[in-house]
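Take a moment with the sequence and the 3D view. Then follow the chain through its main features.

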Amino acid sequence: YELKALGYQVGAGFMVGSPGQKMEHLAEDLIFLKELQPQMVGIGPFIPHHETRFANETAGSVGLTLFLLSVIAYSKGSFPATTALGTMDPLGREKGLAAGANVVMPNLSPVQNRKQYDLYDNKICTGEEAAECRDCLEQRVASIGYRLVAERGDAFL
């Protein structure tokens, strides 16, 4: 709230299906997002990572994530079709766009450094989300009737 009051663009998000998360927690998260009105909201299904105490927990739901994305995408802002959606479902990012996401973020990390940024196990890195394969990403986005735009995403905020 303080950063937004100072004029900064802010972002918020959460993982759907995190260990111990209940529907009331998700409702509280939605209320928080409505009050804050951040410029970017990233939500994705929880995916366990083998080096954490949550390694043996059940992953979150793609379906519930898509539903919640459709609920929050009613307002102005950037709503990414997350890599977590693409990791959990081969068409997860496309489904995210269909549910209301309006951003597909490229992976700009050098290939040799990407393993350092594994937030969860089996993270997709098809190359299609990377800057070096923009044509592949354009084709995937076009396959569901959308057009990839490479201009600044905050222009519509």
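Which residue forms a salt bridge with R140? The partner is E94, and the closest N and O atoms are 2.5 Å apart. A salt bridge here is a side-chain nitrogen of Lys or Arg within 4 Å of a carboxyl oxygen of Asp or Glu. This pair links distant parts of the chain: E94 sits in helix α5 (residues 92-99), R140 in helix α6 (residues 134-142), 46 residues apart. E94 and R140 are both buried. Buried means under 20% relative accessible area, exposed means over 50%, and partly exposed lies in between (1.4 Å probe, protein chains only).

A word on the source. This is a predicted model, where local features need pLDDT of at least 70 and side-chain atom pairs count only at pLDDT 80 or more, while totals for chains, interfaces and linings use all residues. Residues are numbered from 1 along each chain as its sequence is written, and side-chain values use heavy atoms, with hydrogens and water left out.

By the salt-bridge rule the count comes to two. K95 forms one with D89, with 2.6 Å between the closest N and O atoms. K95 is partly exposed, at a relative accessible area of 36%. D89 is buried, at 13%.

Now step back to the whole chain. The protein has six helices and two strands. Helices (H or I, at least four residues) and strands (E, at least two) are DSSP runs, numbered from the N terminus. Along the sequence the pattern reads α-β-α-β-α-α-α-α. Of the 157 residues, 36% are buried.

The strands come next. β1 (residues 11-16) and β2 (residues 40-45) pair in the parallel sense over six bridges. Two strands count as paired if DSSP finds at least two bridges between them. From β1 the chain crosses through helix α2 (residues 23-36) to β2, and this β-α-β crossover is right-handed. That is, with the strands pointing away from the viewer, the path from the first strand over the helix to the second runs clockwise. G11 has M40 in β2 as its bridge partner.

Helix α3 (residues 62-72) follows. Its buried residues include V62, T65, L66, L68, L69 and I72. Why do they lie on the same side of α3? They cover an arc of only 165° around the axis, taken from the directions from the helix axis to the C-beta atoms. An α-helix has 3.6 residues a turn, so residues three or four places apart point the same way. The buried residues of α3 pack against β1, α2, β2, α4 (83-88) and α5, where contact means heavy atoms within 4.5 Å.
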